[in-house]
Amino acid sequence: MLRIAQKFLAPVQSLSLSLALCFGAATATASTVSPDAAESARKLWYEGIASGYHALASQAETLNKVAEAYCQTPATATRDSVTQAWKDAFLAWQSVRFVDFGPAELGNRAWQFQFWPDAKNLIGRKASSLLNQDDNVSPKVVAQAGVAAQGFPMVEYLLFDETVNRSENALPAEKTCQLLTSVTQTIRANSRDLNTEWVKFKPHYLETAQYTDGTILGAMNTLEILENRRLAAPMGLSGTKKRSIYRADAWRSGTSLATIEATLTGLKNIFLPAFSDLLKEAGGKDLANRINAQFNETLEHFPDVNKPLAELLTDDSAFYALQSLYVDISQLVTLINDQAAVKLGVVRGFNSSDGD
Amino acid sequence: MISFNRRTLFKASLAASAVATLSGCSLLRGTTQSGPGQLAGAVGLPDGTFAINAIDLQGRQLWQAPVESRCHSGCTRPSSNELLFVERRPGWSFYVFNIHTGERLHHIKAEGGEHFVGHGIFSPGGDYLYVPASRYEQGEGIVAVYDSQQNYKRVKTLELKGIGPHQLVMHPDGQTLIVALGGILTHPDYDRIKLNLDTMKPALILMDRNSGEILARFAPSHHQLSCRHVDVSPGGNIYAAYQYQGPRYETRPLVARYRGGQYEEIDFGHEVLAELGNYIASVVAHPENDLVALASPIGGTALIFEGSSGRIVSKTRIKDCAGAEALPGGDFLISSGQGELIHLSAHRSPVELARMPLHWDHHLVL
């Protein structure tokens with residue numbers, strides 16, 4: 001069992017981990033933003049997301065090229081290059097992960113890029129069944145295997161899973177290489193489609209007023225998941241109260257914290273500028289400045305805290321650094337999901353965000 | 001095309017008009033047995049836990065019963081003190097409470113390989129409970145039948161021959177189940193991911209509750225119009241409400257009406273449909289008049305329309321509104337995820353009855 005630094009944990013636990021929904025105040029204090037200001041915000045977001053998608057497509061292209069080269073002429077050096085290319089592409093995805101509408105939503109594309117959380121180890125189970133089948137693995141087979149087989153976590157599994165790496169299936173085994181390149185081809189195709197469809201989506205995004213709230217809600221959801229599920233849960237601050245790396249993103253590769261940094265950087269670069277404009281338009285200049293400052297303060301924890309999560313959870317002083325990051329992210333969530341959302345009249349509803 | 005037994009349906013509508021005539025003024029669901037008029041809903045609490053919350057018709061608190069996980073909707077058991085709530089999808093159990101006190105009487109787990117979807121309805125005598133469910137490995141929609149007189153023993157399974165049933169109601173003939181089949185394939189291992197958006201086959205199904213025979217099956221005008229909620233008037237007019245799975249910038253009809261043997265969609269026009277955000281959480285046909293209420297949390301809009309004409313008679317913005325129920329006298333009560341209870345009328349401006357520190361889930365149960 002991991003030792004718990006009680007003296008550090010106590011104040012953090014007292015922070016609210018409950019549903020980040022607020023009662024009542026939203027309608028009363030909501031300021032209206034003019035349609036023109038909202039459209040300007042969408043224009044800015046459109047371009048930012050387009051450049052994020054472009055970077056993703058470019059990194060996915062490289063990942064596939066490097067994976068194919070490695071599988072054709074395997075050598076230790078090129079395996080490292082696959083690992084690096086996977087990380088670059090995966091982090092490019094993290095920075096646009098907050099976009100949960102439009103082409104990313106259709107056909108479960110976001111899930112195809114990253115199936116998470118994976119409480120039942122479906123990725124491991126899918127890999128095992130695909131690697132042990134007699135037939136060859138192709139992109140078509142991967143497509144039929146479902147979202148758990150199609151994205152970055154599957155590549156991570158093949159590169160980093162200790163059981164696979166100790167077995168005869170370890171890369172560059174033929175079948176494992178087939179799976180690796182089939183998945184990287186799938187990621188490449190999905191990234192290309194995302195870019196093409198984002199261009200087609202432009203007039204709808206710019207003309208449909210609901211996408212203003214939709215974009216803000218995407219960022220709010222991302223922040224809440226970041227705080228509660230990507231940090232609080234593995235840190236043992238919620239649920240079972242036990243620390244566990246298995247609840248985090250990308251624990252196999254030790255890049256959980258790098259993904260958090262990439263998500264925050266993506267939000268800061270792509271989401272924040274137009275969001276600040278809207279807040280200022282709604283009379284929230286001070287709040288906009290505080291949010292900008294809080295983003296900077298939160299990102300100052302990197303790269304120091306950028307270590308494998310296992311290390312951060314077991315070492316008391318490292319855990320303290322993680323807690324400091326957590327406190328700053330919580331503060332960011334409060335500023336955006338509570339204060340700014342109320343100011344702009346955006347409600348992340350109990351029913352509207354997770355209905356049936 | 002699908003089987004459609006016209007004679008049975010005709011008999012059903014005759015029986016329905018007889019019921020409407022005989023029952024007179026006391027047509028509100030549950031009013032005969034649930035005491036001096038009360039409503040209940042599944043709620044989320046500020047500390048992140050969940051409960052069932054009961055209120056009177058003025059919105060005053062009566063009781064609150066904790067539950068282990070988020071519930072969705074339920075029903076009252078006729079001729080008894082029992083109130084039932086079902087866990088939301090994927091629901092692994094349902095709860096039965098004393099309607100007056102909130103005391104928990106039963107907690108029934110789903111059978112292996114099955115999960116509930118948040119709804120249920122009793123037979124008119126209260127002896128059988130019908131719960132829509134999914135055999136999730138096979139992706140088969142069913143209605144699971146429980147005998148309430150044998151401590152909710154599972155006694156039967158009715159096959160819907162389709163995927164993703166959601167709400168069901170009892171036709172006033174007392175014999176026909178009206179089932180909204182969403183058409184969306186999900187699996188508990190895959191969160192709430194929609195696995196078959198390209199090949200959905202949503203439907204409104206009329207089924208004989210004893211034989212399980214499918215008497216009629218109607219398809220929405222687009223395969224991604226997920227038919228999720230349904231209600232029926234005492235005269236047998238059925239109203240189905242959809243959730244459109246296509247892009248947000250498109251709008252499609254979200255309500256269908258079945259009357260006189262005809263299934264037809266009501267088009268409120270692009271502007272109103274946009275305000276409904278392609279999503280309706282509740283549809284309620286008022287038993288005392290021709291009015292039907294809708295609530296959309298995505299659109300933050302609740303409205304009342306005339307059932308016969310489709311004309312909208314009242315519309316208001318309520319953030320995260322989802323629950324709706326008919327009030328004695330001809331109006332409706334709307335609940336929201338922000339804890340609001342709003343009295344919505346065709347004749348007067350909306351009135352907030354209460355604002356509680358809790359999140360009302362999708363449905364109110366009378």
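Two strands are taken to pair if DSSP finds at least two bridges between them. On this basis, in the predicted model, strand E14 (residues 176–181) of chain B pairs with strand E15 (residues 203–208) of chain B through six bridges in the antiparallel sense. Within this pair, B:Ile178 lies opposite B:Leu206 of E15(B). Both strands belong to an open sheet of four strands in chain B, ordered E13-E14-E15-E16, with antiparallel pairing. At the edges of this sheet are strand E13 (165–170) and strand E16 (214–218) of chain B, each of which pairs on one side only. From one strand to the next, the twist averages 20 degrees.

Strand E11 (residues 140–147) of chain B has antiparallel pairings with E10(B) and with E12(B). Strand E11 of chain B is mostly covered, with six of its eight residues buried. Its pairing with strand E10 (residues 128–135) of chain B comprises eight bridges, and B:Ser134 stands opposite B:Gly141 of E11(B). E10(B) and E11(B) form a hairpin with four residues between the strands. In this hairpin B:Gly139 adopts a positive phi near 70 degrees.

The pairing of E11(B) with strand E12 (residues 153–159) of chain B is made over six bridges. Here B:Asp147 is placed opposite B:Lys153 of E12(B). These two strands also form a hairpin, with five residues between them. In the turn, B:Asn151 has a positive phi of about 50 degrees.

For chain B as a whole, the secondary structure amounts to two helices and 29 strands. The C-alpha trace of chain B extends over about 50 × 50 × 45 Å along its principal axes. The radius of gyration of chain B is 19 Å, which agrees with the value near 21 Å that a compact globule of 366 residues would have. Of the 366 residues in chain B, 53% are buried. Among the contacts in chain B between residues at least 6 apart in sequence, 48% link residues at least 24 apart.

Chain B also touches chain A, in a contact that takes 26 residues from chain A and 31 residues from chain B. On the side of chain A that touches chain B, the elements giving two or more residues are helix H2 (25–29) and helix H11 (210–235) of chain A. The residues on this side of chain A comprise 11 nonpolar, 13 polar and two charged.

Definitions and conventions:
Residues numbered from 1 in each chain as written. Chains lettered and ligands numbered in written order. Predicted model: local features only at pLDDT ≥ 70, side-chain atom pairs only at ≥ 80, totals over all residues. Contact = placed C-beta atoms within 7 Å. Nonpolar A, V, L, I, M, F, W, Y, C, P; charged D, E, K, R; others polar. Rg over C-alpha atoms; globule rule 2.2 N^0.38 Å. Buried ≥ 20, exposed ≤ 12 C-beta atoms within 10 Å, placed from the backbone. Axes fitted to C-alpha atoms, helices over the stretch in contact; angles between N-to-C directions.
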